[in-house]
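Here is a friendly briefing to read alongside the model. Please keep the 3D view open as you go through the points.

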Amino acid sequence: MKSAGEAANLIEVRGLTKVFGTLTACNHVDLGIRQGEIHALLGENGAGKSTLVKMLFGSLEPTSGEIFWKGQPVKITSPSVARSLGIGMVFQHFSLFEALTAAENIALSVDDGTSLDKIAAKARDLSKTYGLPLDPDSLVGDLSVGERQRIEITRCLLQEPDLIILDEPTSVLTPQEADKLFETLERLRAEGKSILYISHRLEEVKRLCDRATVMRHGKVVGACDPSKETAASLARMMVGADVATAERTPIELKDAPELLGICGLSRKPAGPFSMPLKNIWLSLKAGEVLGIAGVAGNGQGEFFEAISGEVLQESADSVRIRGKSVGRMGISARRSLGAAFVPEERLGHGAAPRMRLSENLLLSRHATDRKAFIAPGGFVKNGMIQHATQRIIEVMDVRKSAPDPEAASLSGGNLQKFIIGRELDRQPAVMVVNQPTWGVDAGAAARIRQALIALARAGSAVLVISQDLDELFEISDSIAVMHNGELSKPLPRAEATYERIGLLMGGAEPGHTDPHRPEAA
Ligand SMILES: Nc1ncnc2c1ncn2[C@@H]1O[C@H](COP(=O)(O)OP(=O)(O)OP(=O)(O)O)[C@@H](O)[C@H]1O
């Protein structure tokens with residue numbers, strides 16, 4: 001139920017501008033958020049959405065412009081000033097300490113001397129009231145992304161904010177988790193709270209939000225009632241042009257060679273909250289895109305670690321890359337065989353945040369592309385690295401504020417484009433990618449999906465782990481489902497329906513028999 005009506009603005013910005021070097025990330029932005037509304041902030045990657053909300057939360061200082069809170073001009077000079085006004089924020093990249101428990105993490109942002117027990121009790125209450133299942137005593141390092149997000153939201157709610165800013169909250173959630181979050185947000189709206197909601201998922205914006213403001217190249221280019229728009233018309237407003245879906249021509253794989261084989265892969269759980277892997281069999285052929293669907297936390301992360309070599313297996317034969325048993329080899333050795341791996345977490349895992357894009361490129365490819373990037377005597381071929389960096393930036397249309405900026409300065413979606421482009425640029429024989437379009441706008445997502453299909457059709461094997469079923473249906477030649485640490489037999493795309501995949505995701509069909517699995521097993 002939408003209830004905002006013509007309520008007064010809780011927060012209003014006028015002419016808000018932020019300049020980074022030569023780039024105007026926010027350019028004279030005017031925006032008002034009413035009391036009791038869910039207001040969407042839309043725009044393509046790099047449009048300036050995060051920059052705008054960071055100014056509202058006091059983590060970036062505006063270059064110029066004014067902010068009014070409940071009608072009064074304010075200077076939000078730090079997040080603690082924002083919090084004391086009543087503004088809370090849940091960031092796109094979580095800021096939790098993995099070695100601490102949920103309650104300890106929450107306690108870090110409460111500076112009034114409240115005891116840990118009281119904080120844990122309050123967090124438990126809030127999580128019940130708002131439908132955010134959370135165990136305050138669990139160690140963050142053992143939690144899924146969805147669970148981590150619930151800690152962030154609970155931490156934010158503990159401050160009893162009037163305005164809650166959410167930066168792409170559902171990009172990492174399962175449909176079920178997203179539904180739960182919407183219920184929470186609707187409850188908050190009914191209580192008169194305001195929510196500023198950044199998302200690239202246009203269907204959910206239509207369903208949830210009362211109003212939307214659209215940004216492009218740092219400027220506000222439109223406003224609308226999203227329930228009256230279609231996802232396509234919203235995408236057009238954001239990108240300024242129609243957005244195509246990826247095209248996939250069917251392929252005959254019968255005689256194609258296997259490039260990635262998973263043979264009876266099992267893994268004990270690494271911690272109390274991690275998922276064991278149970279006797280997984282898979283064979284990926286040259287030319288093929290295989291999608292892996294599944295509710296988050298069913299072993300996808302553990303599976304990715306086992307394939308990439310981040311975690312070694314007991315048996316060398318459990319992972320085969322281009323016919324070679326690599327189960328005991330580390331990530332660099334597997335990469336040297338022509339494999340590429342793109343993890344779910346971009347900052348810190350997929351890219352070193354404080355290093356420039358070219359340095360990140362060198363870091364990830366100096367061993368595998370030694371000849372291209374390192375001269376005899378060990379000197380780095382700077383020209384070649386710069387050239388390759390610029391090529392990736394161009395191919396993937398990475399928008400940035402300097403010719404070779406630090407990874408952390410890129411908007412979330414643009415960093416994802418760069419990381420995917422960096423791996424695609426090697427033309428790997430095997431590409432394994434976890435959540436390829438997490439936080440990526442509709443136009444860029446279409447480009448990434450098409451590039452993955454093209455890589456496969458050029459003769460590589462592509463394995464895509466994704467929680468976005470539409471994405472998997474768009475790009476995959478076959479789809480398997482991970483449930484409770486087991487992988488179902490892949491279904492050819494023609495046989496895979498949303499209903500069948502949904503049933504498998506819910507654990508309706510146990511185990512599988514794979515043609516590569518020995519009969520006796
Ligand atoms: N600290 C910074 N230093 C330099 N440039 C920056 C910095 N932060 C952001 N930018 C640049 O400002 C522009 C806007 O980035 P912003 O993160 O606001 O985009 P966004 O709309 O949130 O994108 P996304 O949807 O990808 O998250 C980008 O070109 C980005 O590279």
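**Overall shape**

With 521 residues, a compact globule would have a radius of gyration near 24 Å, and the protein chain agrees because its value is 23 Å. That radius is taken over C-alpha atoms, and the globule rule is 2.2 Å times the number of residues to the power 0.38. This is a predicted model, in which local features need pLDDT of at least 70 and side-chain atom pairs count only at pLDDT 80 or more, while totals for chains, interfaces and linings use all residues. Residues are numbered from 1 along each chain as its sequence is written.

**The chain as a whole**

- The C-alpha trace of the protein chain spans about 70 × 50 × 45 Å along its principal axes.
- There are 17 helices and 21 strands in the protein chain; these are DSSP runs numbered from the N terminus, with at least four residues for helices (H or I) and at least two for strands (E).
- Of the 521 residues in the protein chain, 50% are buried. Here, buried means that 20 or more other C-beta atoms lie within 10 Å of the residue's own, exposed means 12 or fewer, and partly exposed is in between, with C-beta atoms placed from the backbone.
- Among contacts in the protein chain between residues at least 6 apart in sequence, 68% join residues at least 24 apart. A contact requires C-beta atoms, placed from the backbone, within 7 Å.

**The six-stranded sheet**

- An open sheet with mixed pairing holds six strands in the order E6-E7-E8-E3-E9-E10. Strands pair if DSSP finds at least two bridges between them.
- At the edges are strand E6 (87-90) and strand E10 (219-224), each pairing on one side only.
- From one strand to the next, the twist averages 20°. Angles run from 0 to 180 degrees between N-to-C directions, and axes are lines fitted to C-alpha atoms, for helices over the stretch in contact.
- Helix H5 (residues 145-157) packs on this sheet and touches E6 and E7, with a direction at about 175° to that of E6.
- E6 and E7 run parallel and are joined by four bridges, with Leu163 in E7 as the bridge partner of Ile87.
- Ile87 and Met89 point one way from E6, Gly88 and Val90 point the other way, and all are buried.
- Strand E7 (residues 163-167) also pairs in the parallel sense with strand E8 (residues 194-198), over five bridges; Asp167 has Ile198 in E8 as its bridge partner.

- In strand E18 (residues 461-465), five of its five residues are buried.
- Ala461, Leu463 and Ile465 lie on one side of E18, with Val462 and Val464 on the other.
- Strand E13 (residues 289-293) runs parallel to E18 and is joined to it by four bridges, with Gly291 opposite Val464.
- Strand E17 (residues 430-434) is also parallel to E18, through five bridges; Met431 has Val462 as its bridge partner.

**Helices H13 and H14**

- Helix H13 (residues 382-396) and helix H14 (residues 412-424) pack at an angle of about 115°, with axes 9 Å apart.
- Ile392, Ile393, Val395 and Met396 in H13 meet Lys417, Phe418, Ile420, Gly421 and Arg422 in H14.
- The residues of this contact divide into six nonpolar, one polar and two charged. Ala, Val, Leu, Ile, Met, Phe, Trp, Tyr, Cys and Pro count as nonpolar, Asp, Glu, Lys and Arg as charged, and the others, Gly among them, as polar.

Definitions and conventions
Two residues are in contact if their C-beta atoms, placed from the backbone, lie within 7 Å.
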